[in-house]
Amino acid sequence: MKPILMKAALLKNSELSNQDRALLTDQISQQERQANGIAKAPFVCEFVRALLENGEKVLLFAHHHEVMDRYAERLKSFHPAFITGRETAAQKEKAACDFMTDKTNLCCVSLRAAAGLNLQRATCVVFGELDWSPAVHSQAEDRAHRIGQRDSLLCYYLVSPGGSDAAIQEALGLKVSQFVGLMGEAAETP
């Protein structure tokens, strides 16, 4: 039996504590998201390849290292820079510098490793995987949309109709609508 199915079967165990049940649910979610990202990787890479072949400068965001490894393999002819959280501070700085100084037109960045980066040379931001937080997406977009950016910026969210993307999209939509509702009420309050 596959590990994800074994964990799902364990969830039915009535002797599990709420904490253990929550941990198992999170592990299943992470595995589903990674499997979804891996399944989408060939299609994401073809989309990014088309952008690069048309002269775009691309920031490609994902969450899982396994997914990033697929991007590295399929897009190696474009000599991508990587900022995934696995690099040293010096390697991260070199990757950002390589992208900003025309050594590569592709920088693959982990969704949660984007803080503090200034990559305004990008003309396109591509999300190969989604995060549960709309703020993480916004911060990722902001890595390219900075003072000094000369070109317009296009952001692409590549989602699949199946897998975990549908549930994440629904949760993101709910979170954004709640935030807009709260901020609208706050703006109207004297």
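Predicted model: local features only at pLDDT ≥ 70, side-chain atom pairs only at ≥ 80, totals over all residues.
**Notebook: aromatic pairs, salt bridges and a helix face**

I began with the rings and noted that Phe61, Phe127 and Tyr157 form one aromatic cluster. I number residues from 1 along each chain as its sequence is written, and side-chain values use heavy atoms, with hydrogens and water left out.

**Entry on aromatic pairs**

I took rings of Phe, Tyr and Trp (its six-membered ring) as paired if their centres lie within 6.5 Å; planes under 30 degrees apart count as stacked, over 60 as edge-to-face and the rest as tilted. A pair of aromatic rings is described by the distance of the centres and the angle of the planes. By this rule I count 3 aromatic pairs. For Phe47 and Tyr156, I find ring centres 4.9 Å apart and planes at 75°, so this pair is edge-to-face. Phe47 lies in helix α2 and Tyr156 in strand β5 (residues 154-157), so the pair ties together parts that are 109 residues apart in sequence. I read helices (H or I, at least four residues) and strands (E, at least two) as DSSP runs, numbered from the N terminus.

I then looked up accessibility, where buried means under 20% relative accessible area, exposed over 50% and partly exposed in between (1.4 Å probe, protein chains only). Phe47 is partly exposed at 27%, and Tyr156 is partly exposed at 26%.

I next examined Phe61 and Phe127, a stacked pair with 5.5 Å from centre to centre and 20° between the planes. Phe61 belongs to strand β1 (residues 58-62) and Phe127 to strand β4, so their contact ties together parts that are 66 residues apart in sequence. I recorded Phe61 as buried, at 0% relative accessibility; Phe127 is buried, at 0%.

**Entry on salt bridges**

I searched the whole structure for salt bridges (a side-chain nitrogen of Lys or Arg within 4 Å of a carboxyl oxygen of Asp or Glu) and found 7. One of them joins the side chains of Lys40 and Asp165, at 2.9 Å from N to O. Lys40 lies in helix α2 (residues 18-53) and Asp165 in helix α6 (residues 165-188), so this bridge ties together parts that are 125 residues apart in sequence. I noted that both Lys40 and Asp165 are buried.

Glu46 is partly exposed, at 46% relative accessibility.

I also looked up Arg121 and Asp102, whose side chains form a salt bridge at 2.5 Å from N to O. Arg121 is in the loop between β3 (106-110) and β4 (124-127) and Asp102 in the loop between α4 (89-100) and β3, so the pair ties together parts that are 19 residues apart in sequence. Arg121 is buried at 13% relative accessibility, whereas Asp102 is exposed at 55%.

**Entry on a charge over a ring**

I returned to Arg121 and found its charged end over the ring of Phe99, 5.3 Å from the ring centre. For this I required NZ of Lys or CZ of Arg within 6 Å of the ring centre and within 35 degrees of the ring normal.

**Entry on helix α3**

Which residues of helix α3 (residues 65-74) are buried? I listed Val67, Met68 and Tyr71. Seen down the axis of α3, its buried residues fall within an arc of 100°, so they line one face of the helix. I took the arc from the directions that run from the helix axis to the C-beta atoms.
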